[in-house]
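Trainee: Could you walk me through some of the labels on this one? I'd like to see how each value leads to its name.

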Amino acid sequence: MTASALDISNATVVYGGRTVLSVAELSLFAGEILAIVGPNGAGKSTLLRLLALLEKPVIGEVRFGSQPVRWEAASLLALRRRMGTVFQSPLLCNTTVYRNIALGLKFRGLPKPEIGQRVGRWAERFGIGHLLSQPAKSLSGGEAQRVSLARAFALSPEILLLDEPFSALDQPTREGLLGELEGVLRESKITAVFVTHERNEALHFGDRVAVVMGGRLAQVDSPERVFSTPVGEEVARFVGVENILRGIVLEQRDGIGVVSLDSGKIQVATEAQAGERVLVCLRPEEIVLARPDASFAAESMRNVLRGTVDQVTQIGAQLRVRMNTGVPLTALITKQSWQELSLAEGQPVQAAFKASAAHVIRRREN
Amino acid sequence: MELIWHGLIQAFWLIIAGDPEVMRITFLSLKVSGFATLLSLVAGIPLGAFIGLARFPGRGFVLSLINTGMALPPVVVGLFVSIMLWRSGPFGVLQLLYSPTAIVIAQFILAFPVVTGLTVTAMQQIDPKLRLQLLGLGASRTQLLLQLLKEARLAMLAAVMAGFGAVISEIGASMMVGGNILGYTRVLTTATVLETAKGNFDMAIALSIILLAITFLINWGLTAIQQYGSSR
């Protein structure tokens with residue numbers, strides 16, 4: 001295991017008597033990009049401020065390079081100067097672009113020639129070299145956020161903390177900047193934390209993903225695992241598992257359980273025992289559609305549900321097909337496949353999925 | 001009408017000729033009010049920045065006190081400073097009553113809440129997230145404070161103008177604690193009152209014109225800096 005750059009243990013942050021964040025354990029490993037994802041108001045930004053040492057927990061500990069952080073001015077300042085932060089709004093000072101990028105370097109008392117050299121290099125890297133003498137006020141949203149990024153990178157931070165840096169930008173600008181940022185992050189191998197409420201950005205960016213829900217860490221895992229095997233219904237819904245079926249395990253043998261749904265029985269891969277209540281998560285792309293008269297050749301397609309097509313909507317190159325099979329089910333299918341099936345709204349349809357395609361969440365009794 | 005006209009012409013000559021008495025009064029006014037403003041900036045800006053940025057119990061009460069202070073009647077301040085500096089008063093031994101220093105003290109008391117109050121407002125107008133951003137960029141407490149003041153420089157210049165404006169035009173306190181002593185504590189406002197009472201309208205008008213001109217020039221300069229700053 002790689003060394004930890006930052007660790008949080010049993011930390012709680014309270015605002016006005018209300019606990020807004022409670023983290024049992026979170027480690028940021030040196031060199032990794034940790035994506036913090038969650039719905040608005042979940043506590044993501046608070047977690048980032050905690051990591052940035054801008055928020056003191058009422059209880060608990062933060063360790064920087066395995067040394068416990070002492071919350072007193074001089075040592076906080078020294079540690080903060082080893083990090084860089086970028087917030088959702090660019091938060092530029094009312095002066096030129098050059099002076100904005102130079103700000104953190106000036107705080108560190110670097111000699112002028114070095115400041116100039118670093119500002120120049122990072123301004124070029126983020127494509128704002130021609131704007132250095134411009135007042136920051138005159139910049140567009142995208143340009144301003146480039147200044148904010150250059151300002152953080154110019155500090156050569158050991159840890160870079162990014163709090164939804166692109167969420168206020170329009171789609172094309174955001175996508176462009178995401179690509180550039182990813183390039184810089186990968187090439188500098190910097191340890192970074194990237195907060196976002198966009199699950200796709202998290203998937204795209206994170207070496208690991210931390211899902212924050214209701215002020216707690218719901219799951220910290222590789223992006224693949226967070227998206228394929230979410231730990232709870234909330235996480236599943238957030239990461240875009242659209243089909244979440246409630247049921248009770250009737251029997252289980254060799255890792256395959258028979259689950260009773262309202263509308264029938266299905267077989268899924270699970271270790272849950274008979275009598276346990278479970279949530280069966282199915283990603284829309286795991287569901288295969290067929291005409292009502294077709295038979296499924298592949299033996300692994302253990303589950304075939306019959307129903308009718310409710311609604312078809314286009315999403316990019318794909319179609320989202322909502323069906324009623326006794327329980328509502330959503331599938332994603334390419335346009336071409338849909339045309340080959342020649343199905344339409346209101347017509348009968350078959351939906352099939354493999355036992356191994358489902359991710360089963362065992363529900364705690366309550 | 002002739003009175004005004006005659007007064008204006010006389011005033012013009014007094015200024016052009018550089019009447020020594022007029023000059024002395026003008027410089028004393030500038031010196032005393034300038035110094036009082038400077039002191040109020042030195043004390044009021046850090047205090048205002050602290051109150052504007054920090055959260056502490058009793059903050060609302062302190063703010064109410066400062067806001068009240070912004071509208072302090074100069075005569076009340078004059079009375080208070082007089083009592084303090086009176087021969088038998090708590091600071092009587094200093095023998096400061098009827099001295100330029102006494103006027104500076106009184107004017108400082110008048111300008112201090114104005115500067116403090118306007119600094120508080122200026123600090124509160126800054127996006128609170130900017131503070132976090134500056135700390136995140138590695139600003140020490142002093143660097144943070146200086147950068148925030150720089151950010152609020154337009155509002156801060158307004159504080160300077162308001163502070164200076166409040167004391168250069170004030171008369172009650174200067175009269176009471178200065179005593180309007182010729183060649184020693186006579187300032188533009190107290191001299192104007194005296195000359196008007198004596199019927200020397202030419203002198204009074206000359207002094208008024210100078211007072212207006214000073215106030216205008218200083219505010220003009222500060223406004224120019226302010227607007228130059230805002231366009232950058």
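Predicted model: local features only at pLDDT ≥ 70, side-chain atom pairs only at ≥ 80, totals over all residues.

Trainee: What makes α5(A) roughly parallel to α6(A)?

Mentor: The axes of α5(A) (residues 141-153) and α6(A) (residues 171-188) cross at roughly 15° and come within 11 Å. Angles under 35 degrees count as roughly parallel, so α5(A) and α6(A) get that label. Their crossing is right-handed.

Trainee: Which residues meet there, and how do they divide into nonpolar, polar and charged?

Mentor: From α5(A) you have G142(A), Q145(A), L149(A) and F153(A), and they meet T173(A), L177(A), L181(A) and V184(A) of α6(A). That contact has five nonpolar residues, three polar and no charged. Gly counts as polar, by the way.

Trainee: Why is P284(A) called partly exposed?

Mentor: Count the neighbours: P284(A) has 19 C-beta neighbours inside 10 Å. Buried takes 20 or more, and exposed takes 12 or fewer, so P284(A) falls in between and is partly exposed. P284(A) sits in the loop between β14 (277-282) and β15 (288-290) of chain A. Leaving out residues up to four places away in sequence, P284(A) touches E242(A), N243(A), R320(A), T330(A), A331(A) and L332(A).

Trainee: And over in chain B, why does Q95(B) count as exposed while Y98(B) is partly exposed?

Mentor: Same test. Q95(B) has 12 C-beta neighbours inside 10 Å, and 12 or fewer means exposed. Y98(B) has 18 other C-beta atoms within 10 Å, so Y98(B) lands in the partly exposed range. Q95(B) is in the loop between α4 (74-85) and α5 (100-124) of chain B, and Y98(B) is in the loop between α4 and α5 of chain B too.

Trainee: What makes their phi angles worth a remark?

Mentor: Most residues other than glycine have a negative phi. Q95(B) is not a glycine, yet its phi is positive, about 50°. Y98(B) is not a glycine either, and its phi is about 60°.

Definitions and conventions. Residues numbered from 1 in each chain as written. Chains lettered and ligands numbered in written order. Axes fitted to C-alpha atoms, helices over the stretch in contact; angles between N-to-C directions. Helix = DSSP H or I, 4+ residues; strand = E, 2+ residues; numbered from the N terminus. Parallel < 35°, antiparallel > 145°, perpendicular 65-115°, else oblique. Left-handed = near helix turned anticlockwise from the far one by under 90°. Contact = placed C-beta atoms within 7 Å.
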